[in-house]
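This briefing concerns a predicted model.

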Amino acid sequence: MPRPVAVADAAQLPLASASVDGALALHMLYHVEDIPAAIKELARVVKPGGVVIASTNSARDKAELDHLWERSAGDVLGVDKGPARISLSARFSLEQAPELLAAEFGKVETIELPGTIAVRSPEPVIAHMASYRAWAGQHAVPFEETVERAREIVSEHIERKGAFEIGCLGGMLVCTG
């Protein structure tokens, strides 16, 4: 039978100090308002000798999608380069995370998890770009036109190269002591 689960503020966990053997913070710390407070709270609830495993993306994760968006938006707006998409994970990137975690943990080991996505149809890229709609509206980027331009660019690229490749880089951070 599964154990109880709680939904709580990461900066105020409903757990006693030193009460758990381990904690997971998977692709969520960049969403927390006060990241150092949440890290301090994770350190508080984990027993001595316990482990916290956090995960996040690199600042370089899926850069091809960012470049595609900037080029497509730039083409639609008639400028060299459109506005950069805001990356939530930039608040707690794989490059920044070790230093932030080291403020509370004696040892932080980073395990990089690189990969490549080869897309042979523009549809998965366009489906991903649907998540940019609200951001585009906040930055006066014509969303539908920009996505259609991205579809053209990706389609042409796939026709020439056989696939549109997207480099992925995320990682796990294993924290102890």
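Is Asp 66 buried or exposed at its relative accessibility? Asp 66 counts as buried, because its relative accessibility is 17% and the cut-off for buried is under 20%. Asp 66 is also a salt-bridge partner of Arg 85, and that pair is taken up again below.

**Sheet**

- Four strands form an open sheet with mixed pairing, in the order β1-β2-β4-β3.
- The edge positions belong to β1 (20-26) and β3 (107-119); each has a single partner strand, so one side of each is left without a neighbour in the sheet.
- From one strand to the next, the twist averages 15°.
- Strands β2 (residues 46-57) and β4 (residues 164-176) pair in the antiparallel sense over seven bridges.
- Val 52 has Cys 175 in β4 as its bridge partner.

**Helix α6**

- Helix α6 (residues 143-161) comprises 19 residues and spans 26 Å from its first C-alpha to its last, close to the 27 Å expected at 1.5 Å a residue.
- Its buried residues are Phe 143, Thr 146, Val 147, Ala 150, Ile 153, Val 154 and Ile 158.
- These residues lie on the same side of α6, because they cover an arc of only 130° around the axis.
- An α-helix has 3.6 residues a turn, so residues three or four places apart point the same way.
- The buried residues of α6 pack against α2 (63-77), β3, α4 (123-129), α5 (133-138) and β4.
- On the face turned away from the buried side, α6 carries the exposed residues Glu 159 and Arg 160.

**Salt bridges**

- The count of salt bridges comes to eleven.
- Arg 85 and Asp 66 meet through their side chains at 2.9 Å, N to O; Arg 85 lies in the loop between α2 and α3 (97-102) and Asp 66 in helix α2, 19 residues apart.
- Arg 85 counts as partly exposed, at 25% relative accessibility.
- A salt bridge also joins the side chains of Lys 81 and Glu 70 (3.6 Å, N to O); Lys 81 is in the loop between α2 and α3 and Glu 70 in helix α2, so the pair ties together parts eleven residues apart in sequence.
- Lys 81 counts as exposed at 57% relative accessibility, whereas Glu 70 is buried, with a relative accessible area of 9%.
- Arg 149 and Asp 75 form a salt bridge at 2.8 Å, N to O, linking helix α6 to helix α2 across 74 residues.
- Asp 75 is partly exposed, with a relative accessible area of 37%.
- Through shared partners, salt bridges join Asp 75, Arg 149 and Glu 152 into one network.

Notes: Residues numbered from 1 in each chain as written. Predicted model: local features only at pLDDT ≥ 70, side-chain atom pairs only at ≥ 80, totals over all residues. Heavy atoms only, no water. Pairing = 2+ DSSP bridges. Helix = DSSP H or I, 4+ residues; strand = E, 2+ residues; numbered from the N terminus. Axes fitted to C-alpha atoms, helices over the stretch in contact; angles between N-to-C directions. Expected span 1.5 Å × (residues − 1). Buried < 20%, exposed > 50% of the residue type's maximum accessible area, 1.4 Å probe, protein only. Arc of directions from axis to C-beta. Contact = heavy atoms within 4.5 Å. Salt bridge = Lys/Arg side-chain N within 4 Å of Asp/Glu carboxyl O.
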